[in-house]
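Have the viewer open while you read.

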Amino acid sequence: MIREFGFIDFMYLLAAARWTVALSGVAFLGGGLVGLLVALMRVTPLAPVRWLATIYVQAVQGTPLLAWLFLFYFGLPLVGLVVNPWIAAATAFAIYAGAFLGDIWRGALAAIPRTQWEAGASLGLSFLDQLRYIIMPQAVRIAIPPTVGFLVQLIKNTSLAAAIGFVELTREAQITNASTFRPMTVFVIVAAIYFAMCFPLTQWSRYLEQRLHVAR
Amino acid sequence: MSLVELSHVVKRFGTNTVLDDVSMTVAPGEIIAVIGRSGSGKSTMLRCINGLEPIQDGRILFDGAVVNDPQTDLRALRQRVGIVFQSYNLFPHLSVEKNITLAPRVVKNMSESEARELAREVLRKVGLEEKIGAYPDQLSGGQQQRVAIARSLAMRPQLMLFDEITSALDPELTGEVLKVLEAMAGDGMTMLLVTHEIGFAKRVASRVVFMHQGRIWEEGTAAETLSAPRTQELETFLSAVLH
């Protein structure tokens, strides 16, 4: 039965946006942990460790996120693991974000001149101390703008989780549209909500980028 | 007993032989100027001495320890061998004080107050005590290089390696850096310096080593070697540098 699109529907959409934020947060945290590990693995002096991390990044970057979502949601039950949409989505997004963040952060670490490592080594600092006190603090400044930029992509990409029945903003919009049949209204509102989440972040990223030029 | 001993050192980058059977010794308190054209292997030799570059053959001894032995604790060795680079390599995100105190704090577990006192002391030696709170990008090239020297001195090394440390500086700034080196020489520091400052080498160095095509071509006391070169190559080099 088709009903009118009312204020309550708008509130439902807003409420569903919380899950978009929650999934983005979990994906970013999980992806951040994986990404940190990947970035560090890719700058170690141990070649096999570097290769392993590179293979991971290449594999994930070369495959669609949707495929990972389906793999975890429909694939895992086949091997006897029951997963709900939350766990499937969180895992898939962490894997996805981990590869991209790992690559962004590796780039930031690689942007620090070799001579900075050498200066640290010459003073008797260990590899990890060089990383911690010399390389990372400089790399973080380089990494912040692209990291925030990726976070924006991540928020928008959480809409793919709708495909496995995870009720976030986009899935809720599909449901609302199915009962009100007001696609223009519904999806313009949805777009506006996504925009309201992403715009401050892009602005922040831009601000950080500008500040980077003057900051040491 | 010598502090540093290189015997038949061979260093290759791929098929390119950069150090070709290099042997030399450095006695405690000696100041050795290493001169030669770019690409003659001078800088590489310095970098091999503190283990920044592995060698393919031969042996390098520092104070009795074999630098090129994988069993040697390079970190412990590097605390006793300071190196200053052409491009300063200060840590841009740290103040002058933190640049100097980082290694004493992290490697030697020195307390913050003790480390700060040490920073003041070594900055006094290079005449920059008032810059303790500055950041590297607020300093001139000459000042940055003096901070880099102070940073090395803070580890209280037994040997200092200087890799063309005035080559990136404007001529009017080299003097202040050379003055610091002279003061260190006066304090009895053992120094090995790669330099193009022939006048300085003549004045301060006890010995001069001329490198050519990865070999030690000629060596001897500074006065003799520089005023009466025995080989055509050194003569050509000196006339090119001096004129």
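Predicted model: local features only at pLDDT ≥ 70, side-chain atom pairs only at ≥ 80, totals over all residues.

Residues are numbered from 1 along each chain as its sequence is written, while chains are lettered from A and ligands numbered from 1 in the order in which they are written.

**Chain B overall**

- Chain B has nine helices and ten strands; helices (H or I, at least four residues) and strands (E, at least two) are DSSP runs, numbered from the N terminus.
- The C-alpha trace of chain B spans about 55 × 45 × 35 Å along its principal axes.
- Chain B has a radius of gyration of 18 Å, which agrees with the value near 18 Å for a compact globule of 243 residues. That radius is taken over C-alpha atoms, and the globule rule is 2.2 Å times the number of residues to the power 0.38.
- Of the 243 residues in chain B, 47% are buried. Buried means that 20 or more other C-beta atoms lie within 10 Å of a residue's own, exposed means 12 or fewer, and partly exposed is in between, with C-beta atoms placed from the backbone.
- Take the contacts in chain B between residues at least 6 apart in sequence: 63% of them join residues at least 24 apart. A contact here means C-beta atoms, placed from the backbone, within 7 Å.

**Domains of chain B**

- Chain B splits into domain 1 (4-80 + 158-242) and domain 2 (92-156), with bounds that come from an automatic or database domain assignment.
- The centres of domain 1 and domain 2 of chain B, taken over C-alpha atoms, are 25 Å apart.
- Eleven residues of domain 1 of chain B touch eleven residues of domain 2 of chain B. On the domain 1 side, α6(B) gives the most, with five residues.

- Strand β7 (residues 159-163) of chain B is mostly covered, with five of its five residues buried.
- In a regular strand the side chains alternate between the two faces of the sheet. In β7(B), B:Leu159, B:Leu161 and B:Asp163 point one way, B:Met160 and B:Phe162 point the other way, and all are buried.
- β7(B) pairs in the parallel sense with strand β6 (residues 81-84) of chain B over four bridges; two strands pair if DSSP finds at least two bridges between them. B:Val81 has B:Leu159 as its bridge partner.
- β7(B) also runs parallel to strand β8 (residues 190-194) of chain B, joined by five bridges, and B:Phe162 is partnered with B:Leu193.
- From β7(B) the chain goes through helix α6 (residues 171-186) of chain B to β8(B), a right-handed β-α-β crossover. Right-handed means that, with the strands pointing away from the viewer, the path from the first strand over the helix to the second runs clockwise.

**The antiparallel sheet of chain B**

- Four strands make an open sheet with antiparallel pairing, in the order β2-β1-β4-β5 (chain B).
- β2 (16-26) and β5 (65-66) of chain B are at the edges with a single partner strand each, so one side of each has no neighbour in the sheet.
- Strand β1 (residues 4-13) and strand β4 (residues 57-62) of chain B pair antiparallel over five bridges, and B:Ser7 stands opposite B:Arg59 in β4(B).

**Nonpolar cores**

- A nonpolar core is a set of buried Ala, Val, Leu, Ile, Met, Phe, Trp, Tyr and Cys residues joined through C-beta atoms within 7 Å.
- The largest one has 123 residues, and A:Leu69, A:Ala89, B:Val34, B:Ile49 and B:Ala150 touch the most other members. Its largest share, 15 residues, comes from helix α4 (residues 85-110) of chain A.
- Domain 1 and domain 2 of chain B both give residues to this core, so it lies between them.
- Leaving out residues up to four places away in sequence, B:Ile49 touches B:Val4, B:Ile60, B:Phe62, B:Val67, B:Val81 and B:Leu161.
- Another core, of seven residues, lies apart from the largest one and includes A:Leu13, A:Ala17, A:Ala173 and A:Val186.

**Where the chains meet**

- Chain A puts 16 residues into the contact and chain B puts in 19 residues.
- On the chain A side, α5 (114-122) and α6 (127-157) each supply at least two residues, and the largest share, six residues, comes from α5(A).

**Two spots to check**

- B:Asp63 has a positive phi of about 50 degrees although it is not a glycine. B:Asp63 is in the loop between β4 and β5 of chain B and is partly exposed, with 16 other C-beta atoms within 10 Å.
- B:Arg156, also not a glycine, has a positive phi of about 50 degrees. B:Arg156 is in the loop between α5 (141-153) and β7 of chain B and is partly exposed, with 13 other C-beta atoms within 10 Å.

Definitions and conventions:
Contact = placed C-beta atoms within 7 Å.
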